[in-house]
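Visitor: I have a protein model to look at and would like to be taken through it. Please show it first.

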Amino acid sequence: MNKMFNSKQEKLFDVKEKQTTSVKNAFINVAMEDSITTTSGNGAKKYTTTLNDFVDQFGYISNYRKPRSFEDISKDMFLLWSQDPKL
């Protein structure tokens, strides 16, 4: 029983490196990661994009206190529509 608990505990805190893109080229992956990395107000590392336009649009919901203009929204919707009109 104790052995099973220890193995579960190790897996729980096991941190795996997350691949940010679907590109197989390691050079391109590093360059893309460097280009989308920024720092937050408290100095934490954060990303400017998820590399998925649909997920990025969903994330804009958090900016509801700063409404976007209709032109910005229509430009983003045109981009999404051109990628997948059914989604």
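Visitor: In which helix does Q57 lie?

Guide: This is a predicted model, in which local features need pLDDT of at least 70 and side-chain atom pairs count only at pLDDT 80 or more, while totals for chains, interfaces and linings use all residues. Residues are numbered from 1 along each chain as its sequence is written, and side-chain values use heavy atoms, with hydrogens and water left out. Helices (H or I, at least four residues) and strands (E, at least two) are DSSP runs, numbered from the N terminus. On that numbering, Q57 lies in helix α3.

Visitor: What pattern do the helices and strands follow along the sequence?

Guide: The protein has four helices and two strands. Read along the sequence, their pattern is α-α-β-β-α-α.

Visitor: Is Q57 buried or exposed?

Guide: Buried means under 20% relative accessible area, exposed over 50%, and partly exposed in between (1.4 Å probe, protein chains only). Q57 has a relative accessible area of 17%. Because that value is 17%, Q57 counts as buried.

Visitor: Which residues is Q57 in contact with, leaving aside its neighbours within four places in sequence?

Guide: Contact means heavy atoms within 4.5 Å. With the neighbours within four places left aside, the contacts of Q57 are R68, D76 and L80.

Visitor: Which residues does D76 touch, not counting those up to four places away in sequence?

Guide: D76 lies in helix α4. D76 is buried, at a relative accessible area of 13%. Not counting residues up to four places away, D76 touches Q57, Y60 and R68.

Visitor: With which residue does R68 form a salt bridge?

Guide: A salt bridge is a side-chain nitrogen of Lys or Arg within 4 Å of a carboxyl oxygen of Asp or Glu. A search of the whole structure finds one. R68 is partly exposed, at 33% relative accessibility. The closest N and O atoms are 2.5 Å apart, and the partner of R68 is D76.

Visitor: Which residues does K45 touch, not counting those up to four places away in sequence?

Guide: K45 lies in strand β2. At 54% relative accessibility, K45 counts as exposed. Beyond four places in sequence, K45 touches E33, T37 and T38.

Visitor: What is the phi of L51, which is not a glycine?

Guide: L51 lies in the loop between β2 (45–47) and α3 (53–59). Its relative accessibility is 35%, so L51 counts as partly exposed. Although L51 is not a glycine, its phi is positive, at about 65°.

Visitor: What share of the 87 residues is buried?

Guide: The protein exposes about 8100 Å², of which carbon and sulfur atoms supply 59%. These areas come from the Shrake-Rupley method with a 1.4 Å probe; for residues, only the protein chains shown count as cover. Of the 87 residues, the buried share is 8%.

Visitor: In which helix is confidence highest?

Guide: pLDDT is the predictor's confidence in each residue, from 0 to 100. Its mean over the protein is 78, and 75% of the residues reach 70 or more. Confidence is lowest in helix α1 (residues 2–12), at a mean of 66, and at 91 it is highest in helix α4 (residues 70–83).

Visitor: Over which residues does pLDDT stay under 50?

Guide: Where pLDDT is low, the predicted coordinates should not be read in detail. The model has seven contacts beyond four places in sequence for the stretch where pLDDT stays under 50, residues 17–21.
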